Amino acid sequence: MRTDYLFTSESVSEGHPDKVADQISDGIVDLFLSKDPEARIACETLTTTQLVVLAGEIRCKGVYEDGRWAPGAQDEIEQTVRDTVKRIGYEQDGFHWEKFEFINRLHGQSAHIAQGVDAADNKDEGAGDQGIMFGYATDETPDLMPATLYYSHKILERMAADRHSGAAPFLEPDAKSQVTLRYEGSLPVAATAVVVSTQHAPGYDEGEKEAELHDYVKRVIAEVIPPVLLRETTYYINPTGSFEIGGPDGDAGLTGRKIIVDTYGGAAPHGGGAFSGKDPTKVDRSAAYITRYLAKNVVAAGLATRCTIQIAYAIGVSQPLSLYVDTHETGTVGDDRIEQAILAITRLGGLTPRAIRTHLGLNKPIYQPTAAYGHFGRKADGDFFPWERLDLVDDLKAAFA
């Protein structure tokens, strides 16, 4: 197994056009789940210059039934969309929360999908789609995430916080970061390159103002990445020069185009399915959450220093088709034994879609906070990010006691 290499991950800010779309889609998911915990949502969002379009399939008691919208429902949807864009901070000529055109093309869920997913008679609830999902954990960081992605997210989170607080008034919402680390013996030893491109106020692309912006970004990087890793770093800050036009005005945004940013920064496989805009019967979302939860608990239990878990489903079928564990030759016990131990934990309910939703408490309006700065490596807090809990550690340890 190769242990010396360079590896890179990127992140994008909450103001990136694709992330604007993700946050809008998950805002709609939260709105519908707040009305009906059993709502079905598949909401896609398109953003571009002064335009937001919603499309997809829904079913929600009290909001959309029998092919009709409830009184006031469409106004509430539009307000949710505008509030999301306002919170992000877009008040620009090319994209303004109060002024963009809004088009709602959501419609009723296909009856053919519903009949496969819904529980009926002696049939358990089936998966909302076929597919393969992956979870991953590594002991590189305290959050058990790949260090390259961890630092990429933290840089942009810090910049967004400074923008919202007014500490960095020259920043605008759109930004991207990228961190390259050199690994020796599978451990990060140096950041060889850090890239940050941030939308900025007029004039911050030359002279003293440009220097102020560059100094600010380097200061953020130094406060996020440990100094021991910054001894041989090359910085690329707004390498194209100017970045005044950004967000949906600079580039169209679509839900689900940042799936690697959302997961593990390329350090683990990805099944291809996006998360945002989907209710938790869609295993693209819920099964990716449970596999992260399982992999994180495996690493936290000391059974491995790295762990990848794959699970597979067929649409309308409740039982998973396969469960696969790979500890990348870092396991203290056999990978097959970890698989058996996971399946033997009764409160996981055999990892059916219903059992996943019940165990993690996913039928709640908890999703918009996931739609920027990654779905994983976040702090479990009340109902939010329950897949980051470490409450399986004792079960896994006991299986090998």
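**A predicted 401-residue chain**

Q: Which radius of gyration does the chain have, beside the value for a compact globule?
A: This is a predicted model, in which local features need pLDDT of at least 70, side-chain atom pairs count only at pLDDT 80 or more, and totals for chains, interfaces and linings use all residues. Residues are numbered from 1 along each chain as its sequence is written, and side-chain values use heavy atoms, with hydrogens and water left out. The radius of gyration is taken over C-alpha atoms, and the globule rule is 2.2 Å times the number of residues to the power 0.38. For 401 residues a compact globule would have a radius near 21 Å, and the chain agrees with this at 22 Å.

Q: How many helices and strands does the chain have?
A: Both kinds of element are DSSP runs, numbered from the N terminus: helices are H or I with at least four residues, strands are E with at least two. On that basis the secondary structure comes to 11 helices and 13 strands.

Q: What share of the residues in the chain is buried?
A: Buried means under 20% relative accessible area, exposed over 50%, and partly exposed in between (1.4 Å probe, protein chains only). Of the 401 residues in the chain, the buried share is 55%.

Q: What share of the contacts with a separation of 6 or more joins residues 24 or more positions apart?
A: A contact means heavy atoms within 4.5 Å. Among contacts in the chain with a separation of 6 or more, the share from residues 24 or more positions apart is 72%.

Q: How far apart are the end C-alpha atoms of helix H2?
A: The expected span of a helix is 1.5 Å times one less than its number of residues. H2 covers residues 73-88, and its 16 residues should span 22 Å. The distance between its end C-alpha atoms agrees with that, at 23 Å.

Q: Which elements do the buried residues of H2 pack against?
A: The buried residues of H2 include Ala73, Ile77, Val81 and Ile88. Their partners are strands S3 (51-59), S5 (68-69), S6 (101-108) and S8 (171-184), together with helices H1 (17-35) and H4 (147-165).

Q: How many of the 19 residues of H1 are buried?
A: H1 reaches 28 Å from its first C-alpha to its last, close to the 27 Å expected. The helix is largely enclosed by the rest of the structure, because its buried residues number 17.

Q: Which residues does alanine 341 touch, leaving out those up to four places away in sequence?
A: Alanine 341 lies in helix H9 (residues 335-343) and counts as buried because its relative accessibility is 11%. The residues touched are Leu396, Ala399 and Phe400.

Q: What is phi of leucine 351?
A: Most residues other than glycine have a negative phi. Leucine 351, in the loop between H9 and helix H10 (353-360), is buried at 1% relative accessibility. Its phi is positive, near 60°.

Q: Is alanine 380 buried or partly exposed?
A: Alanine 380 is in the loop between H10 and H11, where it touches Phe385, Glu388 and Arg389, not counting residues up to four places away in sequence. Phenylalanine 385 is in that loop too and counts as buried at 7% relative accessibility. With 31% relative accessibility, alanine 380 counts as partly exposed.
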